[in-house]
Amino acid sequence: MAKKIYSTYPMVKYLRKEALPTALCPGCGGGTVLNAFANAIDGLKIDPKDLVVVSGIGCSAWIASPYFLADTLHTTHGRAIAFATGVKVGLPDKKVVVISGDGDLASIGGNHLLHAARRNIDITVILVNNFIYGMTGGQVAPTTPFGAKTTTSPYRNIEHPLKISETVAAAGASYVARWTTAHVYQLIESIKKALQVKGFSLVEVISQCPVQFGRRNKMKEPAEMLRWFLKNSVPISRARNMSPEELEGKFVIGEFVNRERPEFTTELNKLIDEVQEHFGLKEE
Amino acid sequence: MIIRGNEPEQLRLLRKLYKPGNYFMQGNEAVAYGALFAGCRFYAGYPITPSSEIAETMARELPKLGGYYLQMEDEIGSIAAMVGASWTGFKVMTATAGPGFSLMQENLGYAVMTETPLVLVDVQRSGPSTGQATKGAQGDFFQARWGTHGDHPIVAVSPTSGQDAFWETIRAFNIAEKLRTPVVVLFDGVLAHTREQIKIPDVSEVEITYRKLPENEEEARLPFGDPHGDGVPPMPLFGHGYFTHVTGSTHKETGLRDVYTPEVHDRLVRRIHRKIEKNREVYEKYEEHFTDDAEILVVSWGVTARPALGAVLRAREEGIKAGLFVPKTVHPFPAERMRELGKRARAILVAEMNLGQMIIEVERYVNDDVLLKGVNKIGGVPLTVEEILREIRGVA
């Protein structure tokens, strides 16, 4: 059965077959994200040879590394964006993509996320937000909804979740969008836009973790979680006219920013040109 | 911008910018110029005393050479960016001091495991913790060796003067490239801020080496193999269409992760050890003065090796048969030579700006009947010739 699926799945050409099957749990949203990413790459006709994918640690870090067939750098916990920064400076003409989870990129890696956005370096970050630390056994995360139960908030979570997209937009990213795994086509289009933007781009994907999050919060079936996403998603245009109380527990979806700002590697190379010109170092 | 393939242009720029001759400069600047001559064209760092002038010099000079200076948000990000840039083909460096070095340890281990060439300069300062932030020390001898977790080899070199810092930095790059490994430069706050005469050579006098690249597709498919039998795999750089997978997790020769098979881990980690052990001639270096007939042997390293030499010279004037042994590569320790010298000496004094670190390493190689004594000083002030001479006289 499995073999048949692989042989008919058109996106399989983008996968490292020797690494399959994936380590993801049944019902995980990670497969949807990988699928959406492969479709975006396919849609834009990006040659995987022109792509470097970097990820950190955790379930979502596995989505593209090792499964996506490109140069892949699987790094230490929280540091994927910093590693990717070095890669992008070295290969400014390649697409550098970071795919990792909310715990990795927005908790331990929060500093790098903010500063990459501020710097506006041309990296696309696909941040998979499943509200939980999945790989370590379902502990509370900075994205866990207020009141939700996890293995380390067994009574209820008394902390407020970080609004990742809003924060990264405020930090200066060129493009920020948020979708859920129940909005696959919008997600693909957003990843495409993010890949084409010259600057820092973030696509936050609210994704289901039925095993670690859903099971402890009365949604043990993946479909229940997808229905929860659909029922509580609010388009950003509508959210702008809603009060904070009305937005409590809702998922604001859509494009947060899409703007042009000077990009880091371009500026860096421009600066080098200027300096070499100034000191008369250009070859005659 | 990668020096490989563009070497004539880089040599032209170096010649044009830095005329050979004597300059009056800081140890930190000497480190930076050494890096530039070695071909470093990517620097990612975070300011910290007493290392900051290295960053400042790199920020000023790198763009002239078409190189990149990045000031990252912290030390962790700095070494992470270096690893990323090294996989695109750059020779990379960062400089930091004790607290920053602590923060870099996890990714230093990542660089060991992924066999990523990089140079990490630790300008040692007084500690623990913030300690005397602006003062020099030699307290990171073991942090360099054992700061990151797991079983790992490390190569660390330690310059003894500003002039030496220029050449030792170049040597650190050459070791990193030849063995595809991170190399630590254990510098110190005293030499870092000492201004002295430093001779900048012509570029033709500088040996520059490059990492081994895959010769064919087959080699490129085994980024962690050992096709040449020297334990050093050719490095398939990113962006060349090889679809290389790099992970800090235990991986097979193909790069694909396998954390479950004991043999895979054993094979990988032992090879990483072996490539350092078996290539001793690439990095082993020490200096000796009057060791032929020395009854009292002073062992010293880094900044302290200079007053130690002064003390040995004065002792000789007084008719005391003193000698000096200075490991320039401090890890792996020059064990064989130390063992030979240890057999001959009656007393061994280990002089260092800490409460006794290298002495632990020395002790492993000397017999029980040798008088072994540390000459130690902390507080941010280096040992003086007189202080070391007094100890030599004491055992004479």
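Helix H2 (residues 27–38) of chain B lies across E2, strand E4 (91–96), strand E5 (118–124) and strand E7 (182–188) of chain B, where lying across rests on contact, meaning heavy atoms within 4.5 Å. The helix runs at about 135° to E2(B); axes are lines fitted to C-alpha atoms, for helices over the stretch in contact, and angles run from 0 to 180 degrees between N-to-C directions. Helices (H or I, at least four residues) and strands (E, at least two) are DSSP runs, numbered from the N terminus. This is a predicted model, in which local features need pLDDT of at least 70 and side-chain atom pairs count only at pLDDT 80 or more, while totals for chains, interfaces and linings use all residues. Residues are numbered from 1 along each chain as its sequence is written, chains are lettered from A in the order in which they are written, and side-chain values use heavy atoms, with hydrogens and water left out.

**Sheet of chain B**

- Seven strands form an open sheet in the order E3-E2-E4-E5-E7-E6-E13 (chain B), with mixed pairing; two strands pair if DSSP finds at least two bridges between them.
- Strand E3 (68–71) and strand E13 (329–331) of chain B are the edges, each with a single partner strand, so one side of each has no neighbour in the sheet.
- From one strand to the next, the twist averages 25°.
- Strand E2 (residues 40–45) of chain B runs parallel to E3(B), joined by four bridges, and Tyr43(B) stands opposite Tyr69(B) in E3(B).

**Extent of the A–B interface**

- Chain A and chain B each bring 44 residues to the contact.
- About 3600 Å² is buried between the two chains, with 65% from carbon and sulfur atoms; buried area is the accessible area (1.4 Å probe) that two parts lose on being put together, summed over both.
- Asp71(A), Phe83(A) and Leu281(A) lose the most area on the chain A side, together 16% of what that side buries.

**Interactions between the chains**

- There is one salt bridge between chain A and chain B (a side-chain nitrogen of Lys or Arg within 4 Å of a carboxyl oxygen of Asp or Glu).
- Glu73(B) and Arg119(A) form a salt bridge through their side chains, at 2.7 Å from N to O.
- The elements of chain A that give two or more residues to the side touching chain B are strand E2 (71–74), helix H3 (80–90), helix H5 (110–119) and helix H11 (264–278).
- H3(A) gives the most, with seven residues.

**Strand pairing across the interface**

- E2(A) pairs with strand E9 (residues 245–247) of chain B in the parallel sense, over three bridges.
- Thr72(A) has His245(B) as its bridge partner in E9(B).
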